[in-house]
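Hello,

Here is the structure I promised to pass on to you. Please have a look at it first, and then read my notes below.

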Amino acid sequence: MIKLENITKIFGPLDVIRGVSAEISQGEVVSVIGPSGSGKSTLLRCINLMEIPTSGRVLIDNECINEGRVKITKVRKKVGMVFQHFNLFPHMSTLQNVAYAPIKVKGIKRKVAEEQARKLLEKVGLGDKADTHPSNLSGGQKQRAAIARALAMEPEAILFDEPTSALDPEMVKEVLGVIKSLAHTGITMVIVTHEMGFAREVADRVWFIDEGKIQEDSPAKEFFKSPKSKRAQDFLKNVL
Amino acid sequence: MILFFEVEPVTISLQSPLRTITNGALKELKYTHFTYKNMGTFTIKLKSLLALVVCLFLVACQKENVDNCEKPLIVMVSPDNPPFEFKDTGIGGDGVLGFDIDLINKVGEQLGREIKIVEVDFSAIIPGIQSKRADMAISGFAATERRRQSVDFSDPYHSYNFAVVTKQGTTVNSHKDLANMTIGTQLGSTHETKSQELAGSLPGMKVYSLNKLPELILDLKKGRADAVMTEEVVAKKIVTATPDLEFTVLDDIGRESYFIVFPKGSPLIGEVNQALENLKSSGQIDQLVSKWLEGGYIEDFDFSWADVTYILGGIPITLGFTIASIICGFIWGGILALFKVGEIKPLNWFAAGYTSVFRGTPLLLQLWIVWFALPVELTLWQAGILTFSLNSGAYISEIMRGGIQAVDTGQMEAAKSLGVSYIRAMYDIILPQAFRKMLPSLTNESITLLKESALISVIGAPDILKRATSVGVANFGYFEPLLTAGALYYTIVMIVASGAKLLERKLRLP
Ligand SMILES: Nc1ncnc2c1ncn2[C@@H]1O[C@H](COP(=O)(O)OP(=O)(O)O)[C@@H](O)[C@H]1O
Ligand SMILES: [Mg+2]
């Protein structure tokens, strides 16, 4: 579903991504781990063209999206994103947050979109919070609402950039629970996370990233049992 | 503009040099613009502010010599010399009345030509006539040798004695008593010349000049002047208006006469002299003398309810002007702000340069340039609103840029990630949040604009301030009208401020 061919990204003097090639198939859950500053977020953002790769090709459903006329709108409709800091729209109610993009981007009727949004909010356990503003939600509730917002566009894939890093520990579980419930529903997920237990349990595969490269790309079970590279072994030793 | 520098630099106004200069120059140049408009030949496309400044000089340097008998005769008047030329705002009108006005209209009747009165500052009349911006001027002018070098005069139409106005109790029996006194006179007047002449032989006599008679009276009351030199009838009017003053006729220093002023070599002089002769012989001038100068005309010098309503009439003008400027400035500021936060380099540069120029130059200067340098036909309103919008656009764009950049970048990211276009995201997501952050600063800017709107009185718009000063001139008293204007501005500002507070509260996020 997603294919990266020799992606690089340079920020000024900084070589952040140094040639990444990888493929993710439909419905797969990939966990991206690695030390901070290694380029995980940048790589993730290259997938939905929040960052335009300096070189290399990004293919979504076998279509290259970053060559010629960049097909930003197309990729954004197919690939959703969930941010570390939720980024809910504070001037809209939770329901409006979820229904906004379907109405304005997909042109769905308000009534239909709100109906759908309500269902999604129920699905993430926020059925009773539809009409409150984000400022009245706890961190965990905000992130669940943000997930509902991403889901409302009915994307084929969702990219999660450290979805639980900004949460108080007691709220991590509820968010991971929601993400877990999405796994193996056919939706493709790429999750940057420091929750190793969660990665081991939910992910099909793990990308271990360091210095702008995928140092190791293995099935999750294998990776956690016996990481091949020395760096991955050291990294795991430090975080576990 | 050139003319403005040609103003006879005899004495420098002490009290309000800026206003003196701007009033005169602006009114005068407004008039220049007007004549060129009629010529209909002036079309220059402007590319930049630089070109604008060039045009300023082009407009000023052109000379007009079209003489069209169909057109009304343009007559310059400085309406601050009751009972010869003044505004009686007490009766609610905005026109100029007085002895000179009636006289010139009668002359017009004799010539079979319509008369069009143009108000300018006294100091701007001679230079204005010199460069033929009007067909003639009437404002109690004496024919001094110095003036004869630059303009021509009619035969005299009225003669008078000099007089000094003093506080009650100051003894002046003859001109000799003016020794050791500070004498206020009207800038550019014969009284000024006469006073300076006297000062040459009287020890300790000092002479200074201001633009308007009421300002001198105010100085007199405050003790900044010991006496104000003027002429008999005017002195009489002043003393009627202000009871604690008295006047003394100085019949030992010769009489002076009034003349109509013409551009050098004007073909009208002969006709006008003939008309004056006819008016004299038919007794019509005597009628005017008894109507205006011998107490037949009763003026109301008190600050009356009619004056208040006249000043209140400035509210729609001040408000309309301010609101229009805020709306246009808001739209233009919004566009500039988008230029600033966008990623197109030339637009970034343009917006930054624009803001820098408009914030770095006086608003009054900008108003000048727009008002008389733009070769486009602009009404007073258009020029005022254009200038204020261009100016406030610069400030508002900064406020908006600040507001937009104060919105968390994650908001735009989230919108983008949902496939929302940049413009749409700006409109739906960023601006509503930015607006809440900007509201206090926008309110401030609106209030500033409201207060600065008083500047349009400089180019002649009858707004609150302009009306208040007119009333002040007519009543020989500035205090009440200015206080009224102040109270009006303050009330409006308070209403705006509390309206903004309400809106802020309403928009506050839960
Ligand atoms: N927009 C940007 N401009 C310049 N440098 C950036 C930008 N985004 C990320 N970087 C740099 O790229 C490197 C990798 O960042 P990031 O992908 O966020 O790492 P990670 O998510 O693994 O912590 C860091 O050194 C960061 O400073
Ligand atoms: Mg990161």
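The notes below go through strands in chain A, then chain B and its cavities.

First, the ground rules. This is a predicted model, where local features need pLDDT of at least 70, side-chain atom pairs count only at pLDDT 80 or more, and totals for chains, interfaces and linings use all residues. Residues are numbered from 1 along each chain as its sequence is written, chains are lettered from A and ligands numbered from 1 in the order in which they are written, and side-chain values use heavy atoms, with hydrogens and water left out.

Let me begin with β3(A), which covers residues 29-33. Five of the five residues of β3(A) are buried, where buried means under 20% relative accessible area, exposed means over 50% and partly exposed lies in between (1.4 Å probe, protein chains only). Val29(A), Ser31(A) and Ile33(A) point one way from the strand, while Val30(A) and Val32(A) point the other way.

β3(A) has two parallel partners to look at, β8(A) and β9(A). Strands count as paired if DSSP finds at least two bridges between them. With β8(A), residues 188-192, there are four bridges, and Ser31(A) sits opposite Ile191(A). With β9(A), residues 205-210, there are again four bridges, and Ile33(A) has Phe208(A) as its bridge partner.

β6(A), residues 79-82, is another buried strand: Val79(A) and Met81(A) face one way, Gly80(A) and Val82(A) the other, and all are buried. β6(A) runs parallel to β7(A), residues 157-161, with four bridges between them. In that pair, Met81(A) stands opposite Leu159(A).

Chain A also has an antiparallel open sheet of four strands, in the order β2-β1-β4-β5. Its edges are β2 (14-24) and β5 (63-64), each of which pairs on one side only. Two bridges connect β4(A), residues 55-60, with β5(A), and Leu59(A) has Cys64(A) as its bridge partner there.

On to chain B, which has 20 helices and nine strands. Of its 510 residues, 54% count as buried. Among contacts (heavy atoms within 4.5 Å) between residues at least 6 apart in sequence, 77% join residues at least 24 apart. The accessible surface of chain B is about 21900 Å², and 60% of that belongs to carbon and sulfur atoms; areas come from the Shrake-Rupley method with a 1.4 Å probe, and for residues only the protein chains shown count as cover.

Asp219(B) is buried, with a relative accessible area of 4%. Its C-alpha atom is 8.1 Å from that of Gly184(B), 35 residues away along the chain.

Finally, the structure holds three cavities of 30 Å³ or more. A cavity is a set of points on a 1 Å grid over the protein atoms alone where a 1.4 Å probe fits but cannot get out, and lining residues have an atom within 4 Å of a point. Grid points are joined across faces, edges and corners, and a volume is the space filled by probe spheres set on the points. The largest cavity has about 80 Å³ of space. It is lined by 13 residues, and closest to its centre are Asn81(B), Phe122(B), Ser139(B), Gly140(B) and Gln186(B). β3 (136-141) and α7 (190-199) of chain B each supply at least two lining residues. The lining divides into two nonpolar, eight polar and three charged residues, where Ala, Val, Leu, Ile, Met, Phe, Trp, Tyr, Cys and Pro count as nonpolar, Asp, Glu, Lys and Arg as charged, and the others, Gly among them, as polar.

Best wishes

Conventions: 1 Å grid on protein atoms, 1.4 Å probe; cavity = no way out; pocket = protein on both sides within 12 Å on 5 of 7 lines; lining within 4 Å.
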